[in-house]
Structure formats: structure tokens, C-alpha cells
Amino acid sequence: MPKDFLDLEATPERLHALADAGILSPDAYGRALHLAVASPARPAWRAFLSTTLMALGSLLVLAGVVYFFAYNWAEMGRFTKLGLICLGMAGAAVGAWRLGDRPAGQFALLAAAVLVGPLLAVYGQAYQTGADPYELFIGWCVLILPWVALARFTPLWMLQLVLVNTGVILFWGQRMGHSDAHEARLALVLGLLNGFVWATYEHFANLKVAWLQGRWMPRVLSLMTLTPLVGLGILFIVGEGSGRSLESGVGLLGVLGALVAIYALHRHLHGELFLLTVGAVSVITLVTTAAGYFFIKVTHAEEMTLFFLPLLLIGEVGLAVYWLRHESQATGVSEET
């Protein structure tokens, strides 16, 4: 449960519970309900649109840089290519230094970090270093690590994590091979890696670190964690003999551990329905897979499977919606009473 009830969001369900308990008078309830569902003020809209358009503009500029070099690659010399990228990267870094912790400065630093990748790619193409693709991403991670550590900007940390995941995937594909066992180990490594980052984020967010209070990044991390682990859980269910490997078993246990963590987070925070929905989808996926495997492989009732699985899926979705709605209402009622 949250440590302070005043930190809870003023949702209509919680206000209704307070009114039913006699804590809010009818006039106070009406005023509170109006404030809870009122549209944001003009300064809030201005700040939201400014940040959103700045982020979109930064992404478009970076995409333009990539396409510019792709289109004009043959016409430009190596020094021109390297010089233009270094100029853009230095300009973005100086802009980040001058603008400081403002959104413009943070997005400028993100642009500088992104341009490090094209710089390494152009250098490798111009001088034919013979470096493997995964070495480019690993070097990219190492070079921008000081910026990432000092920036306190979650999109930059997400960029770092994406680069690490990409480097691990490329390294695994080139050095470890493409067999089913190696791909299962890769999925387990990615799930555990992203799960560790997710748990670390939630730990420091619980310590009230100011720049870790946003909820979009842990939600993305939950998807990056559960996607490979649920895939391993499916392999464990449908695998036969050697198909049920240690990696798939550990992945299934990892899914169960993540589900417990998601429910604990939901109870600790002021309601985390997104994570609950992700957990419900994971459970539905595993249960449906197990039911399909049972009817097809064990009972050999393929015709019954075509009739039963849609009904099972409809029932699971209906039960999940009912449970999510109940959890939403319970979080809003029990925490005030």
C-alpha cells in the first residue's frame, strides 16, 4: 500500500467511496469530482505540446540525418561524412550543455548520443575496420555511457538498454549459432537482463528518486521482460522430450515471479492496471497454449479443439476484464476505508 493516502490519485471511484462513507459532503463531492475529471489548464497543455513536438522534431531530424547520408553516400568523401556527423554531434552536445536540465537540453543530449551510432558506422565503412555488427553497438553503449549516467533522462537510459539488447542479440547470433537451444538461452538472457533493469528502476522509484517517477519506462520494461519469458513458457508447455529444456523451465518460473511482482506493485502503487493487463494477457496466452496442447497432443481431439479453444478464450478474456475492473474498484475503495 502507498505510505501516504494523500499521494493517491483522486479518481472518481475513490471520490465516490469517500462520499458513500460520509467523509465528503454532496457539495464537496461535486466540486472534487469536477476537479478530478476537469481538462488540464492551458499551461499544462502548452507544456505537454511543447515536449511532445520537441521529441517528435528530434526524432525527425535524426531520421533525416540517417537518410541524408544514405542518399548522398556515393557523392561525399570520407572526411565530409565524418566531419558533418561530428559537427552535428558537437553542436547537439554544446546545446545540451548550454540548455541544462530543461527538456530542450535533454533532447539535445539524446540527439548527440544517437549520432554516435552513425559516426561509428560511417567510420567503419570508410576505413573498413572489419568490426562485427555487435561491436558497433557495444562501442556505442560504452561511448555514450558517461552521458547516460549524468543525464538523469529516462529516454536516454531506454536508448542505452535498446543498444545493449541489440548488441546481445547480434553477438549471440554470430558467436553462439542459431540452434533452438541457443535461441532459448538468448531469450532467457534477455528476459533476465530486462527484468533486472525493471526491478532496479522500481527500487529507485520507490526511494522517491525524482526523475524516476514516470510510469512509461517500467511499463515498457515489463513488456521487454515478459515477451521472451512467455515465449520460453510456451516452449516448455508444447515441448516434448528435450524440447522442455532447463531454459524454458526457468523462463516459465520467471513469468510466475514477474506476475507476483506485478500484483505486488499494483498493491503498493495507487493502482497499476497496465501491468495487471500485461500479466493477464500472459496468463491467457499460457493457459490457452496448455489447453490447445492437451486437446491436440494428449486427447488427439483436433475437432473438439476448434470448438473449445474459442469458447475458452472468450471466457478467459471476460474473466480478465471482470477481475481488472474489480481490482480497480477495490484499489479505489479499500485504501480509503
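Modeller: First, the counting rule: Lys and Arg count as positive and Asp and Glu as negative, while His and the chain ends are left out. Also, this is a predicted model.

Biologist: Fine. How many positive and negative side chains are there, and how far apart do the centres of the two sets lie?
Modeller: There are 19 positive and 22 negative side chains. The centres of the two sets are 11 Å apart.

Biologist: And the fold? How many helices and strands?
Modeller: Twelve helices and zero strands. The C-alpha atoms fill a box of roughly 70 × 65 × 35 Å along the principal axes.

Biologist: What share of the residues is buried?
Modeller: Buried residues make up 34% of the 337 in the chain. The accessible surface comes to about 19600 Å², and 71% of that surface belongs to carbon and sulfur atoms.

Biologist: Now the inside. Which residues touch the most other members of the largest nonpolar core?
Modeller: Trp198, Leu221, Leu226 and Val255, out of 29 residues in that core. Helices 7, 8, 9, 10 and 11 each give two or more residues to this core. Helix 9 gives the most, with eight.

Biologist: What does leucine 221 touch, leaving out residues up to four places away in sequence?
Modeller: Met158, Leu161, Val197, Trp198 and Tyr201.

Biologist: What does the second core include?
Modeller: That core is separate and has 28 residues. Phe69, Leu115, Val148 and Leu156 are among them.

Biologist: Switching to serine 282. Where does it lie?
Modeller: Serine 282 is in helix 11, which covers residues 273–298.

Biologist: Buried or exposed?
Modeller: Serine 282 counts as buried because its relative accessibility is 6%, and the cut-off for buried is under 20%. Setting aside residues up to four places away in sequence, serine 282 touches Leu226 and Val230.

Biologist: Last one, tryptophan 323. Which helix?
Modeller: Helix 12, residues 302–334.

Technical notes
Residues numbered from 1 in each chain as written. Predicted model: local features only at pLDDT ≥ 70, side-chain atom pairs only at ≥ 80, totals over all residues. Heavy atoms only, no water. Helix = DSSP H or I, 4+ residues; strand = E, 2+ residues; numbered from the N terminus. Buried < 20%, exposed > 50% of the residue type's maximum accessible area, 1.4 Å probe, protein only. Areas by Shrake-Rupley, 256 points an atom, 1.4 Å probe, with all protein chains shown as cover. Charge placed at Lys NZ, Arg CZ, Asp CG, Glu CD. Contact = heavy atoms within 4.5 Å. Core = buried A, V, L, I, M, F, W, Y, C linked by side-chain atoms within 4.5 Å.
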